Amino acid sequence: MATTGHTVAEKEKEEEEGVKMSLLPLNVPSDPTFVYPVSAYPPRSQFQVSVTHPALIIPARRTAELRRKLSHVLMHRPKLRDVYALDETDPCPASLNNNNKNSDRTQFRKLVLKCKEAKEKECNDDDKEEDEVQELLMPLLQEEGIVETTHVVTLGYEHWSVEQILRQILPLEQFKEKEVPSSFEIVGHVAHMNLRDECLPFSKLIGQCILDKNAPRIQTVVNKLGSIANEYRTFDMAVIAGLSGDDWSLVTVKEEKCTFEMDFRHVYWNSRLCGEHRRLVQWILSQRPKHHDKQQNKNDHPPKQKRARVEETIATTTDSTSTTEPMVVADVMAGVGPFAVPLATRSSGLTQDEISIHANDLNPMSYKYLKINAKTNKCGTKLIPYNMDGRAFVHAMNQDPKIKKVHHFIMNLPASAPEFLNAFAGYQFESSSSAAADDKDNNNNNNNNNEAPWIHVYCFGPKDYEQARIESIQRCEAALGCPLEPQDDNKKESAILLHVVRDVSPRKNMVCVSFRLPEAAKSLPRISL
């Protein structure tokens, strides 16, 4: 008679080894504060199963041909091949024909096909595909040297994905949300998760699974506790798997040919914004004022044999004959430099005479790593770091006699950046009308140097694009104290740009609003700090 469970001796042995055998999935604990220990993680051997697949024994010389012909019905499993050599238990076509048991098995291969169970999960119309497969196989089975057989595949822990493993461990049927919590953000060697409350009792098991399946790239798995609720944009987090020493949060991230070092616990970083960092940096660089050189334009490509000599000539003539000033970019909430550093590196293609980056952050730790990253990426004097309040920084940019004009302000603080626009009340800049006159006098067709600065403000908005545009513009106008652009009934298109950055939640997107600082801002009373 079959028995279930374990003897007392077996249970004591398991406890000594730190392994708790249990039926899967695990139960939701009655105590909501209880967290399953890592020792409750099922033994890896518990995930081992054997699956019998249909297969074909074929002549070795026809392997490539038949793999192409049967590609859509072959077995596709991670880390497993679909072609095998014959073993002693496999029938050999040659021996079937002449009863010669010593036929050369090396002349044949076994081609493994999808099993019925796999087809049912992967196809929408199983019966139709089954008929197609049979239609395809029947003529082949009539050919000499091709025999139908089976192949047993042993699937171990290493063959299952994170989602497949967690589906076996977690009691998803008892969860409000039936989704497997397998998504995470990677910051250096750290995997950062944001688990739902119902998953917290299983957090260490989830973390262990993430660690197993992503080693050695991932060395630590953390879970976010609460939300961003302080002025430094940081949040508490708990290590749920992997390294947990004092320096677990010291990470290095590579993005856009730049290297960023940071302490992830004490600064803000979001790897999902990589594409947005690239987009805005490229857009700003595309707007840079162009130099008008008397002898050579940098966009002209001299012959290869003369390139070195011509570039030397350009370098000496640009400084003396350039009719425009360097482009100045002010990053008000720069963090560790995801916008500022790429703008100031060699990859931007601009020298210190062509671009100047003023990068500020209130967080002393962000300021520390901003300076480290500027040095690591050889930004030189092109990047000037600041550690001050954002509004005070905006005022400083307008009052510093060394800074004649700022072309772009970046304000990446989605929760409250629009409210910082009141710092631009009373901001002085050369008006468009006088700029046009100066350009005409100087025979300069590029008037980018003499217009109001571009402001790039990040904020959150609803999913609907038009509604997000209306709400974000209204929010910016309320903080600034004037319309972002004058009323003009004849104007066909707005100069205000709205870009959807990313999906944040089912009802919320992160957006970037870009606009020229309106003339009306100049006459507004400056706020007191």
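**Helix packing and nonpolar cores**

Analyst: In this predicted model, the axes of helix α6 (residues 162-169) and helix α7 (residues 203-214) come within 10 Å and cross at roughly 155°. Residues are numbered from 1 along each chain as its sequence is written. Because this is a predicted model, local features need pLDDT of at least 70 and side-chain atom pairs count only at pLDDT 80 or more, while totals for chains, interfaces and linings use all residues, and side-chain values use heavy atoms, without hydrogens and water.

User: Why are α6 and α7 called roughly antiparallel?

Analyst: Angles over 145 degrees count as roughly antiparallel, and the two axes cross at roughly 155°, so α6 and α7 are roughly antiparallel to each other.

User: What makes up the contact of α6 with α7?

Analyst: With contact meaning heavy atoms within 4.5 Å, Val162, Ile165, Leu166 and Ile169 in α6 meet Leu205, Ile206, Cys209, Ile210, Lys213 and Asn214 in α7. These residues divide into 8 nonpolar, 1 polar and 1 charged.

User: What makes a set of residues a nonpolar core?

Analyst: The set must consist of buried Ala, Val, Leu, Ile, Met, Phe, Trp, Tyr and Cys residues joined through side-chain atoms within 4.5 Å, where buried means under 20% relative accessible area (1.4 Å probe, protein chains only). The largest such core has 43 residues, and Ile357 is among those with the most contacts inside it. A second, separate core of 40 residues includes Ala417, Leu421, Phe429 and Val513.

User: How many of the residues in the chain are buried, as a percentage?

Analyst: Buried residues make up 45% of the 529 residues in the chain.

Note on methods: Axes are lines fitted to C-alpha atoms, for helices over the stretch in contact, and angles run from 0 to 180 degrees between N-to-C directions. Helices (H or I, at least four residues) and strands (E, at least two) are DSSP runs, numbered from the N terminus. Angles under 35 degrees count as roughly parallel, over 145 as roughly antiparallel, 65 to 115 as roughly perpendicular and the rest as oblique. Ala, Val, Leu, Ile, Met, Phe, Trp, Tyr, Cys and Pro count as nonpolar, Asp, Glu, Lys and Arg as charged, and the others, Gly among them, as polar. Buried means under 20% relative accessible area, exposed over 50%, partly exposed in between (1.4 Å probe, protein chains only).
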